[in-house]
Amino acid sequence: MIYDVLIIGGGVSGVSCAQVLGSAGKKAFVEGKAIGIVMHQKASMLQDAVFNNAFGIPPGTLGSDLLTQAKENLGIYSNVMQIDGEKVNKVSRNTEQLFDVETNKAHYLARIIVVAVNSSNTFAIAGLMDYVEPHKKSIPTKNRIQLKNIDHLVAQGIYVAGTLAGHRSQLAIAAGSGAAVATDILTLWNDGVETHSHDSIRK
């Protein structure tokens, strides 16, 4: 199969992106679109986090619990397919201009990719290394990196979200970054007409 969007990373920004795309599944221009997310989380910054200052989250919530809950929440969207236990090693374009995403276990084809792993300098996805630059908002001694981008767009068909997009390591910022990428993709699918996805008790 060919994913219309394949999200690389199951942390805050990646899951946030997947949630917004998944929630838009009833829109006519999203119908039939396949969304995948590689849920590799071993290096997620949430693993050791505890939240006392995140909007809508009870103080004392553990990041590891949020990761588990996020995975369960994604399960309600039939158009979002979770890929567990795999790590992306390489991204390339084939002759049909589709992205060939190679993991440690399989190959996947996608029309759009969203790179949403953390900003550690251990980043090593072949095919994306030319976009790596020092993180512009991190302390130099932390040796963080980001992908060169303009408003989350790295190159045609390649988006980046979260700290790897150059944002600070704050849950609300990462979640908003992933949501922003999702709405950009929805707008693209809607022939350039601005759109978003949210619900209301009035509907």
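Apart from residues up to four places away in sequence, Leu 21 touches Val 5, Ile 7, Val 30, Ile 35, Asn 79, Ala 182, Ile 185, Leu 186 and Trp 189, where contact means heavy atoms within 4.5 Å. The model is predicted, so local features need pLDDT of at least 70 and side-chain atom pairs count only at pLDDT 80 or more, while totals for chains, interfaces and linings use all residues. Residues are numbered from 1 along each chain as its sequence is written, and side-chain values use heavy atoms, with hydrogens and water left out.

**Leu 21 and the covering of α1**

- Leu 21 belongs to helix α1; helices (H or I, at least four residues) and strands (E, at least two) are DSSP runs, numbered from the N terminus.
- Leu 21 has 0% relative accessibility and therefore counts as buried; buried means under 20% relative accessible area, exposed over 50%, and partly exposed in between, with a 1.4 Å probe and protein chains only.
- Between Leu 21 and Val 181 there are 160 residues in sequence, yet their C-alpha atoms are 9.5 Å apart in space.
- Helix α1 is mostly covered, since ten of its twelve residues are buried.
- Those buried residues are Val 12, Ser 13, Gly 14, Val 15, Ser 16, Cys 17, Ala 18, Val 20, Leu 21 and Gly 22.
- Their cover includes strands β2 (5–8), β3 (35–38), β6 (80–83) and β10 (113–115), together with helices α2 and α3 (171–189).
- The twelve residues of α1 should span 16 Å at 1.5 Å a residue, and the end C-alpha atoms are 16 Å apart, which agrees; the expected span is 1.5 Å times one less than the number of residues.

**Packing of α1 against α2**

- Helix α1 (residues 12–23) packs with helix α2 (residues 63–74) at an angle of about 20°, and their axes are 10 Å apart. Axes are lines fitted to C-alpha atoms, for helices over the stretch in contact, and angles run from 0 to 180 degrees between N-to-C directions.
- The two helices are therefore roughly parallel to each other; angles under 35 degrees count as roughly parallel, over 145 as roughly antiparallel, 65 to 115 as roughly perpendicular and the rest as oblique.
- The crossing of α1 and α2 is left-handed, a term for a near helix turned anticlockwise from the far one by less than a right angle, whereas clockwise gives right-handed.
- On the α1 side the contact is made by Val 15, Ala 18 and Gln 19, and on the α2 side by Ala 70, Asn 73 and Leu 74.
- By class, this contact of α1 with α2 has four nonpolar, two polar and no charged residues. Ala, Val, Leu, Ile, Met, Phe, Trp, Tyr, Cys and Pro count as nonpolar, Asp, Glu, Lys and Arg as charged, and the others, Gly among them, as polar.

**Packing of α1 against α3**

- Helices α1 and α3 pack at an angle of about 40°, with 7 Å between their axes.
- The crossing of α1 and α3 is right-handed.
- Helix α1 contributes Val 12, Ser 13, Ser 16, Cys 17, Val 20 and Leu 21 to the contact, and the residues from α3 include Leu 171, Ala 174, Gly 178, Val 181, Ala 182, Ile 185, Leu 186 and Trp 189.
- The residues of the contact of α1 with α3 divide into 13 nonpolar, four polar and no charged.

**Helix α3 and the segment after it**

- Helix α3 has 19 residues and reaches 27 Å from its first C-alpha to its last, close to the 27 Å expected at 1.5 Å a residue.
- Buried residues of α3 include Leu 171, Ala 174, Ser 177, Gly 178, Thr 187 and Trp 189.
- Asp 191 lies in the segment after α3 and has a positive phi of about 55° although it is not a glycine.
- Asp 191 is exposed, with a relative accessible area of 75%.

**Residues in strands and loops**

- His 40 is found in the loop between β3 and β4 (50–51) and is partly exposed, with a relative accessible area of 27%.
- Beyond four places in sequence, His 40 touches Gly 9, Gly 10, Glu 86 and Lys 87.
- Arg 93 is placed in strand β7 (residues 88–93) and is partly exposed at 36% relative accessible area.
- Leaving aside neighbours within four places in sequence, Arg 93 is in contact with Leu 98, Phe 99, Gln 156 and Ile 158.
- Gln 97, in the loop between β7 and β8 (99–103), has a positive phi of about 65° although it is not a glycine.
- Glu 133 lies in strand β11 (residues 132–134) and counts as buried at 17% relative accessibility.
- With neighbours within four places in sequence set aside, Glu 133 is in contact with Ile 145, Gln 146 and Lys 148.
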